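These are my notebook entries on one protein model.

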Amino acid sequence: MQHVQLPDTRLAVHARGSGMPLVLLHGFPFDHSMWRGQDPLADEVRLIVPDQRGFGASAGTTPESIAQLADDVVALLDGLHVTEPAVVCGLSMGGYVAEHVAVRHPARVRALVLVDTKLEADTPEARAARAKLAATVARVGQEALAEAMIPNLLARSDAARANPARTTLEAELDRMIRSAPVATITAALAALAARPDMVEPMRAVAVPVLLVVGAEDSITPPDCMERAERVFQQPRLLVMPACGHMAPLEDPATFNAAVLAFLREVAAHAGDRTVVGR
Ligand code: MLT
């Protein structure tokens, strides 16, 4: 792990490998360790996996907005001297951040991978639910968030329950939720509730986009990504069977293979055959 100093905070980041830069942005309220199953990708690309502002080892300041988290990504790339456009991949909240990077800093993005996420803003009901949850977490602590989230994160079908890694996964997710600072959780819930609708801005995104969703995602169900597919100019859609809201953790082999195939396509399209899978 290394730290990169930003003007107003310090971000922890795990960077490994060489070649095409691939940034992995975690969901709320997790940290870089949710991407552990993607470690093998570092054999093929330059993997950059931060703890976003306020989370994991980047605790200290709290996130103010999704746009701020997107600007942090670019400042991080600058700090790591990554000048070529990066592939930006984000899950759920990380997906919202990736969308904002593509709109705010288009020259820095070579392709997008949006995972278990959506383009639309919160409904008024969803905003109210976030405010209520934030108040509960402020009162009783992270346990309230773990109780609210854990039952909804993983797929629940018999096929999914047969996954031998399931118990470990649930324990890992629980650990991450309970170690997120309360101030980060409440600030991030407010930032999530305030995020703008990205449907129209995303129509201008001209880079290739891989959309991935768990077939059993109950938080951002497959129709969110199906709607997104109609917005982008160059979309590919992968619906992962027996996966829920945490598809890259639930089936890392399928996820990693899809990402690598996509990156090879992106590299080949640019006439650059050396950056992935040398
Ligand atoms: C996440 O996994 O990042 C959250 O579920 C995002 C959200 O609540 O919209």
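The model is a predicted one.

I then checked burial: of the 278 residues, 54% count as buried.

Entry on charges. I counted 26 positive and 33 negative side chains, and I noted that the centres of the two sets lie 2 Å apart.

Entry on the overall fold. I listed eleven helices and eight strands. The radius of gyration is 17 Å, close to the 19 Å that the globule rule gives for 278 residues, so I noted the protein as being as compact as a globular protein of that length. Along the principal axes, the C-alpha atoms fill a box of roughly 55 × 45 × 35 Å. I also looked up contacts between residues at least 6 apart in sequence, and 77% of these join residues at least 24 apart.

Entry on strand pairing. I followed strand β1 (residues 2-5) to strand β2 (residues 10-16) and found an antiparallel pairing over four bridges. A hairpin of four residues connects β1 to β2. Within this pairing, I noted Val13 in β2 as the bridge partner of Gln2. I next found that β2 also pairs with strand β4 (residues 46-50), in the antiparallel sense and over four bridges. Here I recorded Val49 in β4 as the bridge partner of His14.

Technical notes: Residues numbered from 1 in each chain as written. Predicted model: local features only at pLDDT ≥ 70, side-chain atom pairs only at ≥ 80, totals over all residues. Heavy atoms only, no water. Helix = DSSP H or I, 4+ residues; strand = E, 2+ residues; numbered from the N terminus. Rg over C-alpha atoms; globule rule 2.2 N^0.38 Å. Buried < 20%, exposed > 50% of the residue type's maximum accessible area, 1.4 Å probe, protein only. Contact = heavy atoms within 4.5 Å. Lys, Arg positive; Asp, Glu negative; His and termini not counted. Charge placed at Lys NZ, Arg CZ, Asp CG, Glu CD. Pairing = 2+ DSSP bridges.
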